[in-house]
Amino acid sequence: MSSPVSAVPRLVVAAPSSGSGKTTVATGLMAALAGRGLAVSPHKVGPDYIDPGYHALATGRAGRNLDAYLCGPELVAPLFLHGARGCDIAVVEGVMGLYDGAGGEGELASTAQVAKVLRAPVVLVVDASSQSRSVAALVHGFASWDPGVRIGGVILNKVASDRHEELLREALDASGVPVLGVLRRAPQVDTPSRHLGLVPVAERRAEAVDAVAAMAAQVRAGCDLDALLALARGAGALPDAPWEPPLSTCTERPVVAVAGGPAFTFSYAEHAELLTAAGAEVLTFDPLRDEDLPEGTGGLVIGGGFPEVYAAELSANEPLRKAVAVLAESGAPVAAECAGLLYLCRELDGLPMCGVLDATARMDARLTLGYRDAVAVGDSVLAPAGTRMRGHEFHRTVVEPGAGPAPAWGVRAPRRRVEGFVQQGVHASYLHTHWASEPGVARRFVERCRTS
């Protein structure tokens, strides 16, 4: 029987640094617990879109993000409780190192901050491949750095041999932090990476299923699942109420088409929920395969992903490109983020795209990455002028020009600039935003769908 949502058992899987094995352990743990018949709620700290796809595969539930920068710390627990409703346990995968957050912002958006907000115990995944006794000093440092963070156990990863394990356990005996798992090296659980991280599940589903099964098998064999469950069940109730998308009372339900499929895999689950609550009928389509928009489409949302990988296929689907252009020319609301921005350009790496925007896009060697504070330069289908939102940029592409005559956002850092395009009903930008931080975005978008 599932727990009351405010008291759902929970734990955070963190690490001293990136590359320690968080994703393997978190995803494997989710799958192993689901294999026991538990309803597992999967979460990811930060703006990552790819890991939640593997979490969803492991649990059968939507992977959800907890981002204290994009949404504010006050929304972390309500969004967590919203996602965890009806579940027996929640597993939260951290981001980067445990105490790493938004640059120059202290603990903001760090795994440690989310763990404290959720009052959740932390399981520290340590890459033990190049150490023995030093592991005790490392774990002691992480456990004592912030008394508000409770390190409830350690999982030792990439352990070389029985003798290596013996030395590590002996060193940790005096630390007071129990060893809850020991994992040997296992190449079969590796997942391929690309220029923005792991290859999304939608692009390699059969292989991803096998990888998740291998992760689950490794966690089952090497971790004390009963001890991990007991640790999670020790988390008390949270004082917060679950987040709820505000409901519209309007009976007219315009169709909002949302791009999906392998080329457009980056989206937050709450966006579709907000659009539905605002009165839209949300229908997903695949720009790689579908030659037309869903029947009756009154608005279009094109999120992030990897259109540069599928530029040839997207370009070859000329009927859909023309349908998107016709919809945009009609003045219907179109919201495009990052990959969606590229798709609306005249061309991407020399291949024709939708031609909605008088701009070209190309791959670039430089990675553009980071949180952004943004303000709406003018009125658009998403927000009135002056609306402040926080966003995240993550791409290796360049759009020229970077802004239209009517830009979407003014951005303060890392340098002051305007960015994106607003024309007729189109709002296109590199910034990924989380609409739960500003519910008026979805309401305004759906209302414009009704009136356009």
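**A guided reading of the model**

P401 is placed in the loop that runs between β17 (388-400) and β18 (409-411). The model is a predicted one. The peptide bond between E400 and P401 is cis, with an omega of about -5°. Most peptide bonds are trans.

The backbone calls for attention at two further positions. Most residues other than glycine have a negative phi. A109, which is not a glycine, has a positive phi near 70°. Its place is in the loop between β4 and α4. A109 has a relative accessibility of 5% and therefore counts as buried, the cut-off for this being under 20%. Q424 is likewise not a glycine, and its phi is positive at about 50°. This residue belongs to the loop between β20 (421-423) and β21 (426-429). With a relative accessible area of 58%, Q424 is exposed.

The discussion now turns to the sheet. Its 7 strands form an open arrangement with parallel pairing, in the order β3-β2-β4-β1-β5-β6-β7. At the edges stand β3 (64-66) and β7 (179-184), each of which pairs on one side only. On average, neighbouring strands of the sheet are turned by 25° against each other, direction ignored.

Helix α4 (residues 111-118) packs on this sheet and touches β1, β2 (40-45), β3, β4 (89-93) and β5. The direction of α4 makes about 170° with that of β1. Strand β1 (residues 10-14) pairs with strand β5 (residues 122-127) in the parallel sense, over 3 bridges. Within this pairing, V12 has V122 of β5 as its bridge partner.

From β5 the reader may proceed to β6. These two strands pair in the parallel sense over 6 bridges, and V123 has G153 of β6 as its bridge partner. The chain passes from β5 to β6 through helix α5 (residues 134-145), in a β-α-β crossover that is right-handed.

How much of strand β6 is buried? Of its 9 residues, 151-159, 8 are buried, so the strand is largely enclosed by the rest of the structure.

The path then continues to β7. Strands β6 and β7 pair in the parallel sense over 4 bridges, with I155 standing opposite G181 in β7. Here the chain crosses from β6 through helix α6 (residues 162-172) to β7, and this β-α-β crossover is also right-handed. Strand β7 is one of the edge strands of the sheet.

Technical notes. Residues numbered from 1 in each chain as written. Predicted model: local features only at pLDDT ≥ 70, side-chain atom pairs only at ≥ 80, totals over all residues. Heavy atoms only, no water. Pairing = 2+ DSSP bridges. Axes fitted to C-alpha atoms, helices over the stretch in contact; angles between N-to-C directions. Contact = heavy atoms within 4.5 Å. Buried < 20%, exposed > 50% of the residue type's maximum accessible area, 1.4 Å probe, protein only. Right-handed = clockwise from strand over helix to strand, strands pointing away.
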